[in-house]
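Welcome! Please take a moment with the sequence and the model before reading on.

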Amino acid sequence: MWYMSNAGNPGTQLAQQEIKVGGSKAVVTLSTGERVSLFGDTTLCVNDGLATLVIVIADNSFNVIQIPRGGEYIVRLEDGTTVYLNSESELRVPVHFGKGERVVWFTGEAYFSVKHEKNRKFIVRTDKADIAVLGTEFGVRAYTEEKELLTTLVKGAVEVKSDNDVHRIVPGEQAKVDHEGKIVVQEVNVEEF
């Protein structure tokens, strides 16, 4: 059983709460298969002893964070990266990033604020392309049912790589990846995305 502590109600059981329509909510599927519902101001910092919710499992495991329709959630990863997840999104995160690349798997829509690390790239894998960064802020729209993936860069530098193409984009640009892996880069107003 997983517990959440907060000033108003210490020791609240998370696993027995229900998801309600609208608002800040997420479901985390742990590497053990256990599902944990998160609500409101719950903090999820995997493997961080100072976090409100602490989840410690084997090194080769993944946690899956699913955002239901009408929900949204902010997740802070163990490396300090913050991911703002939108409705109907899913983020699969290793329990430990390890010493190599920091790789996550994603579908849906999110804004990533990646913590810069000189020696470890941060890679977002989608079904259409990989997005590799060293430290930056960017938006990703990669819903499975949509024909193209959109990566919009706010600051830093991003490399978008499909099976057939690769492009590096700069702030103010957006890379569109179609179902064949073709990448088109254009300037956009990042506030719209």
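Residues are numbered from 1 along each chain as its sequence is written, and side-chain values use heavy atoms, with hydrogens and water left out.

**The chain as a whole**

- The chain has 17 strands and 0 helices; both are DSSP runs numbered from the N terminus, with helices being H or I over at least four residues and strands being E over at least two.
- Of the 193 residues in the chain, 44% are buried. Buried means under 20% relative accessible area, exposed means over 50%, and partly exposed is in between, using a 1.4 Å probe and protein chains only.
- Taking contacts (heavy atoms within 4.5 Å) between residues at least 6 apart in sequence, 40% join residues at least 24 apart.

- The mean pLDDT of the chain is 78, with 74% of its residues reaching 70 or more; pLDDT is the predictor's confidence in each residue, on a scale from 0 to 100.
- Residues 1-21 have pLDDT below 50, and the model gives this stretch 47 contacts beyond near neighbours in sequence.
- Residues 45-59 also stay under 50 in pLDDT, and here the model has 39 contacts beyond four places in sequence.
- Where pLDDT is low, the predicted coordinates should not be read in detail.

**The second largest pocket**

- The second largest pocket holds about 190 Å³ of space. A pocket is found on a 1 Å grid over the protein atoms alone, as an open set of points with protein on both sides within 12 Å along at least five of seven lines, and its lining residues have an atom within 4 Å of a point. The volume is the space filled by probe spheres set on the points, which are joined across faces, edges and corners.
- Which residues lie nearest the centre of this second largest pocket? They are Glu109, Ala110, Gly139, Val140 and Phe193, out of 14 lining residues.
- Strands β9 (102-113), β12 (137-142) and β13 (149-155) are the elements that give two or more residues to the lining of this pocket. With 4 residues, β12 gives the most.
- The lining of the second largest pocket divides into 9 nonpolar, 3 polar and 2 charged residues. Here Ala, Val, Leu, Ile, Met, Phe, Trp, Tyr, Cys and Pro count as nonpolar, Asp, Glu, Lys and Arg as charged, and the others, Gly among them, as polar.

**Charged pairs**

- Side chains of opposite charge can pair when their charged atoms come close. The structure holds 10 salt bridges, each a side-chain nitrogen of Lys or Arg within 4 Å of a carboxyl oxygen of Asp or Glu.
- Arg141 forms a salt bridge with Glu109, and their closest N and O atoms are 3.2 Å apart. Arg141 lies in strand β12 and Glu109 in strand β9, so this pair ties together parts that are 32 residues apart in sequence.
- Arg141 counts as partly exposed at 28% relative accessibility, and Glu109 counts as partly exposed at 21%.
- Glu137 and Lys155 form a salt bridge with the closest N and O atoms 3.5 Å apart. This pair links distant parts of the chain, with Glu137 in strand β12 and Lys155 in strand β13, 18 residues apart.
- Asp127 forms a salt bridge with Lys128, the closest N and O atoms being 3.8 Å apart. Is Lys128 buried or exposed? At 16% relative accessibility, Lys128 counts as buried.
- Asp79, Arg102, Glu117 and Arg120 are linked in a network of salt bridges.

- Val36 lies in strand β4 (residues 35-39) and is buried, with a relative accessible area of 2%.
- Arg92 sits in strand β8 (residues 90-94) and is partly exposed, at 29%. Not counting residues up to four places away in sequence, Arg92 touches Phe62, Asn63, Val64, Val104 and Trp105.
- Glu159 belongs to strand β14 (residues 158-161) and counts as partly exposed at 24% relative accessibility.

How values were computed:
This is a predicted model: local features need pLDDT of at least 70, side-chain atom pairs count only at pLDDT 80 or more; totals for chains, interfaces and linings use all residues. On a 1 Å grid over the protein atoms alone, a cavity is a set of points where a 1.4 Å probe fits but cannot get out, and a pocket is an open set with protein on both sides within 12 Å along at least five of seven lines; lining residues have an atom within 4 Å of a point.
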